[in-house]
Amino acid sequence: MKSSALLAVLALSGTALTADPVPLLSWNFDEGGGDYATNLGSANEANLYLVGPAGDKINGFSSDAQGVSGKPGDYAFDLSSATGMGATTPNSTGPTAVVWSNSSGLASLSGLSSFTLTGWIKPETTITAAARIVATNVIALMAGVDDRLTIQVNGKNSPVQSEPLYRDVGSWIFFAVSYDGTRTTDNVTYYVGDPAANSLITAGTATLEAGKVKPFAGQFLLGNNSINTPPNRPFKGLMDNIAIYGSMNDASGALPLEKIETIRAAAIR
């Protein structure tokens with residue numbers, strides 16, 4: 001049966017065909033060299049520049065085949081030079097990746113009614129001490145208490161962190177966090193990849209009354225809390241395939257489990 005005929009049959013039968021979600025911002029780090037990763041999402045320019053603890057440009061890519069798939073041509077963002085995970089005494093320092101504040105693609109985050117953050121992390125030690133994964137003035141994802149994640153929207157913390165399921169030190173961990181600002185209860189859901197089952201499970205639900213995402217200002221950061229000297233909330237390890245999905249108008253940016261599982265599975269094919 002030709003594809004057009006098949007579509008017609010499915011439409012008549014009431015079967016819905018839904019396309020894979022398209023991210024606003026997305027970086028897979030497969031450039032493999034240089035000092036920036038290109039935004040592969042639908043928003044405008046949002047190159048992610050890789051900088052050292054002193055704010056200098058660095059080649060922050062991992063070696064070949066060190067990305068989440070392990071295949072040749074798959075690279076990751078390498079933050080293994082950080083001196084520790086998150087806040088420590090004395091302060092840990094480490095590299096950062098930044099989308100500069102004048103990048104037009106950052107406007108896509110302003111006014112979101114709902115969104116989902118997805119990505120992969122490979123921690124070298126326990127995820128803890130407010131280590132930053134994503135840091136902005138309106139959306140931030142960081143480590144909570146050991147092996148947990150916590151999200152901020154418009155500067156408000158989720159009162160309930162994820163469950164302590166982000167614990168596989170030295171291995172790739174898939175994470176996703178959805179936020180539905182159209183709801184006032186149970187509107188944050190954490191997800192984690194389950195290596196044993198090679199699938200996705202829920203890692204907790206929380207309530208965060210923050211409404212729509214406020215206007216974006218400043219820079220978009222990965223892996224640390226600033227580019228000032230010295231940034232002191234580093235993530236220590238590797239990151240790969242970081243993406244943000246969102247909707248300005250409704251709850252559709254808070255992706256359901258089956259859509260997030262599609263994203264997870266696609267990275268390791």
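In which loop is Ser-158 found? Select Ser-158: the residue sits in the loop between β10 (156-157) and β11 (173-180). Helices (H or I, at least four residues) and strands (E, at least two) are DSSP runs, numbered from the N terminus.

Before going on, note that this is a predicted model, in which local features need pLDDT of at least 70 and side-chain atom pairs count only at pLDDT 80 or more, while totals for chains, interfaces and linings use all residues. Residues are numbered from 1 along each chain as its sequence is written, and side-chain values use heavy atoms, with hydrogens and water left out.

**Stop 1: around Ser-158**

Stay on Ser-158, which counts as buried because its relative accessibility is 5%; buried means under 20% relative accessible area, exposed over 50%, and partly exposed in between (1.4 Å probe, protein chains only). Show the backbone oxygen of Val-160: the side chain of Ser-158 reaches this atom at 2.7 Å. Contact means heavy atoms within 4.5 Å.

**Stop 2: the sheet**

Select the strands next. An open sheet is formed by 8 strands, in the order β2-β3-β5-β14-β7-β8-β9-β10, with antiparallel pairing. At its edges are β2 (36-37) and β10, each of which pairs on one side only. Two strands pair if DSSP finds at least two bridges between them.

Zoom in on β9 (residues 149-153) and β10: these strands run antiparallel and are joined by 2 bridges. Gln-152 stands opposite Asn-157 in β10. Between β9 and β10, select Asn-154 in the loop. Its phi is near 55°, a positive value in a residue other than glycine. Asn-154 counts as buried, since its relative accessibility is 11%.

**Stop 3**

Move to Ala-130, in the loop between β6 (114-123) and β7 (132-135). Ala-130 is not a glycine, yet has a positive phi of about 60°. Is Ala-130 buried or partly exposed? Ala-130 counts as partly exposed because its relative accessibility is 21%.

**Stop 4: the loop between β4 and β5**

Select Ser-81, found in the loop between β4 (77-78) and β5 (96-99). Ser-81 has a relative accessible area of 54% and is therefore exposed. Leaving aside neighbours within four places in sequence, Ser-81 is in contact with Pro-95 and Lys-236. For a distance check, pick the C-alpha atoms of Ser-81 and Val-188: they are separated by 32 Å, and the two residues are 107 apart along the chain.

Pro-90 also has its place in the loop between β4 and β5. Display the peptide bond joining Thr-89 and Pro-90, which is cis, with omega about -5°.

**Stop 5: the largest pocket**

The largest pocket holds about 320 Å³ of space. Select Ser-26, Asn-241, Tyr-245, Ile-263 and Ala-266, the closest to its centre of the 20 residues that line it. Colour the lining by class to find 12 nonpolar, 6 polar and 2 charged residues. Here Ala, Val, Leu, Ile, Met, Phe, Trp, Tyr, Cys and Pro count as nonpolar, Asp, Glu, Lys and Arg as charged, and the others, Gly among them, as polar.

On a 1 Å grid over the protein atoms alone, a pocket is an open set of points where a 1.4 Å probe fits, with protein on both sides within 12 Å along at least five of seven lines; lining residues have an atom within 4 Å of a point. Grid points are joined across faces, edges and corners, and a volume is the space filled by probe spheres set on the points.

Conventions
Polar contact = N/O pair within 3.5 Å; in protein donor to acceptor, adjacent residues only side chain to side chain.
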